[in-house]
2 protein chains.
Amino acid sequence: MSDLASRHCRNGADKLPAEQVRRYLEELADWELSQDERSIQSTFQFDNYYQTLSFVNAIAWMANREDHHPDLEVSYNRCVVHYSTHDAGGLTDNDFICAAKVIALLS
Amino acid sequence: MSDLASRHCRNGADKLPAEQVRRYLEELADWELSQDERSIQSTFQFDNYYQTLSFVNAIAWMANREDHHPDLEVSYNRCVVHYSTHDAGGLTDNDFICAAKVIALLS
């Protein structure tokens, strides 16, 4: 995990084999594979909208730094974060690097 | 529309009859009723993530002022905004007031 969170996204990252996806997921607490296995997601709970939006903005800052942008579902006290690499048609190192950075934001 | 956008949300607003929902929707360009008729939604397109997140934050500011918070789907250049009044089990004046304020943000 600590290794993943310290890495940076790279343009043109290759789609990962299922075995590597499984290995990465073991490192990332509370992230799960989508049903179509093309994205990963995790749900974060907060006390109120101010906290939820602060989290959204921290993610946005990191997303712009890494030039890799998640899909977000934002409600009053909850944010669901989805990562996928559309160009690769599935999951790449970049998705797991950013998922680890999201965990690091909260640690 | 101008009238709706200048009004403010009120606690304990009543669920609206279908006829009033239809009248309000005629005033709100590009907002549509969800299939279960308990929420309204509209999709907004932007050029990039910076613009999308600025829009999200403008909505959040207004949501906190009105104490009425939408659900958002946020991706790179798109934000889908959903309004519903959970306490009322459907749509109230508050949802249409805020939808009109979202339109006003963009005008």
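Strands β1(B) and β2(B) pair in the antiparallel sense over 2 bridges, where strands count as paired if DSSP finds at least two bridges between them. Strands (E, at least two residues) and helices (H or I, at least four) are DSSP runs numbered from the N terminus. The model is predicted, so to speak of local features requires pLDDT of at least 70, side-chain atom pairs count only at pLDDT 80 or more, and totals for chains, interfaces and linings use all residues. Residues are numbered from 1 along each chain as its sequence is written, chains are lettered from A and ligands numbered from 1 in the order in which they are written, and side-chain values use heavy atoms, with hydrogens and water left out.

**Strand pairing in chain B**

- On to the next pair: β2(B) and β4(B) are antiparallel and share 6 bridges, with Phe44(B) opposite Cys79(B) in β4(B).

**The sheet across both chains**

- An open sheet of 8 strands runs in the order β1(A)-β2(A)-β4(A)-β3(A)-β3(B)-β4(B)-β2(B)-β1(B), with antiparallel pairing.
- Its edge strands are β1 (32–33) of chain A and β1 (32–33) of chain B, each of which pairs on one side only.
- Between the chains, β3(A) (residues 71–75) and β3(B) pair in the antiparallel sense over 3 bridges, and Val74(A) has Leu72(B) as its bridge partner in β3(B).
- Within chain A, β3(A) also pairs with β4(A) (residues 78–83), in the antiparallel sense over 5 bridges; here Val74(A) stands opposite Cys79(A).
- In a regular strand the side chains alternate between the two faces of the sheet.

**Helices lying across the strands**

- Helix α3(B) lies across β3 of chain A as well as β2 (40–45), β3 and β4 (78–83) of chain B, and runs at about 20° to β4(B).
- Helix α4(B) (residues 93–106) lies across β2 and β4 of chain B, at about 10° to β2(B).
- These angles run from 0 to 180 degrees between N-to-C directions, and the axes are lines fitted to C-alpha atoms, for helices over the stretch in contact.

**The interface between the chains**

- The contact (heavy atoms within 4.5 Å) takes 16 residues from chain B and 16 residues from chain A.
- About 1400 Å² is buried between chain B and chain A, 59% of it on carbon and sulfur atoms; buried area is the accessible area (1.4 Å probe) that two parts lose on being put together, summed over both.
- In chain B, Tyr49(B), Asn64(B) and Val74(B) lose the most area to chain A, together 36% of what that side buries.
- The elements giving two or more residues to this side of chain B are α3 (49–66) and β3 (71–75), and α3(B) provides the largest share, 8 residues.
- The residues of that side divide into 10 nonpolar, 4 polar and 2 charged.

Notes: Nonpolar A, V, L, I, M, F, W, Y, C, P; charged D, E, K, R; others polar.
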